[in-house]
Amino acid sequence: MSPTDAGFYYAESENTPLHVGSVAVFEGPAPSYGDVVRLLLGKLPLVPRYRQRVRRVPLDLGRPLWVDDPHFQILYHVRHTAVPSPGGEEQLRNLAGRVLGQRLDLAKPLWELWLVEGLEDGRWALISKVHHCMVDGIAGTDLMQLVFDLTPDATHGEPQDWTPQRNPSSLEVVAGAVQDAVAHPLRELTRLPGAGGVRGAARAGRSLFAGVPSVTRKLATPTARSLNGPIGPHRRWAWSDAEFDELKRVRTAFGGTVNDVVLAAITGGFRELLERRGSLREGLVVRSLVPISVRRPGQRGQLGNQISPAFVDLPVGEPDPVARLASVRRQMDRHKEVMQAVDARSIIGMGDFVAPTMLSLGVRAAMSAGQMWCQAVTTNVPGPRVPLYVLGRRMCSAHAYVPIAGGIRVSIGIFSYLRTMTFGINADFDAFPDVDVLSGGIRRGIDELVAAAGDAAPSPAAG
């Protein structure tokens with residue numbers, strides 16, 4: 001595993017399952033359970049990781065590695081359930097919240113797929129779960145397009161026999177870990193940018209220190225710390241939707257990107273939530289972790305995490321929606337400038353120099369200690385702009401599920417498909433009994449921006 005992937009694996013705990021997921025709804029009629037199993041068996045050769053499990057190195061002398069599971073049984077990973085017919089959105093959300101809130105079995109390949117029947121209008125759904133140590137959002141989207149079909153009449157290969165590779169012995173695993181602990185950092189050092197690895201590493205370090213003034217300013221900014229706290233074992237899940245044309249009208253009027261507009265709408269949702277709770281005040285922000293993909297074009301379709309974190313202060317204390325959008329846009333523009341000044345991949349690669357044992361202990365300590373620096377996770381994953389099919393049935397919609405951990409008790413996964421953008425909200429059950437206020441507030445935040453765009457002249461910077 002890479003250091004980033006290993007960090008997600010180590011961060012898993014009893015109350016913090018670290019899988020990503022989605023709920024996809026399809027036109028009916030629902031396929032049979034056997035047809036879904038046979039479909040996946042035919043496509044598993046395209047994603048061999050789905051037949052592999054995690055092997056820990058004794059004493060964490062090396063990062064975990066992937067090995068074939070000799071006892072792999074697809075019937076364990078593909079589940080079948082139903083909601084009372086005709087099931088509406090609320091019934092599906094409640095079911096998805098329970099399913100997605102349950103941990104994956106870390107002793108088996110780290111994924112599950114649930115076939116859900118009984119939805120209204122003859123529709124059905126697939127709830128998918130994949131551990132974050134296997135995929136980030138972009139990789140998960142690539143995987144969706146790989147497993148799903150691009151045409152309703154696609155043909156599928158027959159399931160093939162599979163023979164697992166021999167698992168290495170404990171002695172071989174330890175010996176390989178010790179060798180890699182010495183050789184791998186040296187290889188990575190020579191690959192760092194610049195005329196020589198050492199100078200490249202120094203330049204990356206200077207770029208990190210250049211961000212210290214910005215961090216200092218953030219420390220002085222009042223954040224909505226009432227949103228932080230311990231995380232329990234249960235989850236609430238809600239969602240909201242928007243049309244791409246709505247978001248593009250706002251972007252055309254005020255400039256920036258669609259992602260800036262999305263973050264501004266989410267700011268409106270958090271503002272409404274805090275106002276209902278009596279916790280809103282002038283100048284307050286909700287600090288959100290916004291993962292940015294640094295995946296290169298040639299790495300599309302590869303598993304693993306290639307992300308760089310950005311921290312954006314959502315200005316919930318600002319009553320003007322257009323001013324909120326301008327604030328978000330300035331911060332995102334500044335982050336892009338920083339990423340252009342330094343190779344983000346080199347900074348991520350610095351984890352290769354951290355001893356695996358220290359990485360394991362550090363991640364666990366950070367997760368158990370919690371934090372008050374950040375209050376939310378907001379990740380925007382561009383999905384396919386063409387229809388997807390499973391066994392000839394067209395996918396109508398999809399909502400993303402992003403895990404919560406480390407004192408962050410709410411996350412928002414934004415996913416685009418065709419002309420629609422969806423917001424999947426995952427929240428701690430006890431801390432967010434009012435999660436519907438947040439989802440409704442995001443929708444009203446979009447409406448506010450659209451109304452303001454209707455009264456504004458197009459921005460010359462829009463494009």
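Does Arg329 count as buried, exposed or partly exposed, and at what relative accessibility? Arg329 counts as partly exposed, at 22% relative accessibility (buried is under 20% relative accessible area, exposed over 50%, partly exposed in between, with a 1.4 Å probe and protein chains only). This is a predicted model, in which local features need pLDDT of at least 70, side-chain atom pairs count only at pLDDT 80 or more, and totals for chains, interfaces and linings use all residues. Residues are numbered from 1 along each chain as its sequence is written, and side-chain values use heavy atoms, with hydrogens and water left out.

View 1. The side chains of Asp333 and Arg329 meet at 3.9 Å, N to O (a salt bridge is a side-chain nitrogen of Lys or Arg within 4 Å of a carboxyl oxygen of Asp or Glu). Asp333 is partly exposed, with a relative accessible area of 31%.

**View 2. Salt bridge between Glu112 and Lys129.** The N to O distance is 3.4 Å. Glu112 lies in strand 5 and Lys129 in strand 6, so the pair ties together parts 17 residues apart in sequence. Both Glu112 and Lys129 are buried.

**View 3. Salt bridge between Asp428 and Arg235.** The N to O distance is 4.0 Å. Asp428 belongs to strand 14 and Arg235 to strand 7, so the bridge links parts 193 residues apart in sequence. Asp428 is buried at 2% relative accessible area, and Arg235 is buried at 7%.

Technical notes: Helix = DSSP H or I, 4+ residues; strand = E, 2+ residues; numbered from the N terminus.
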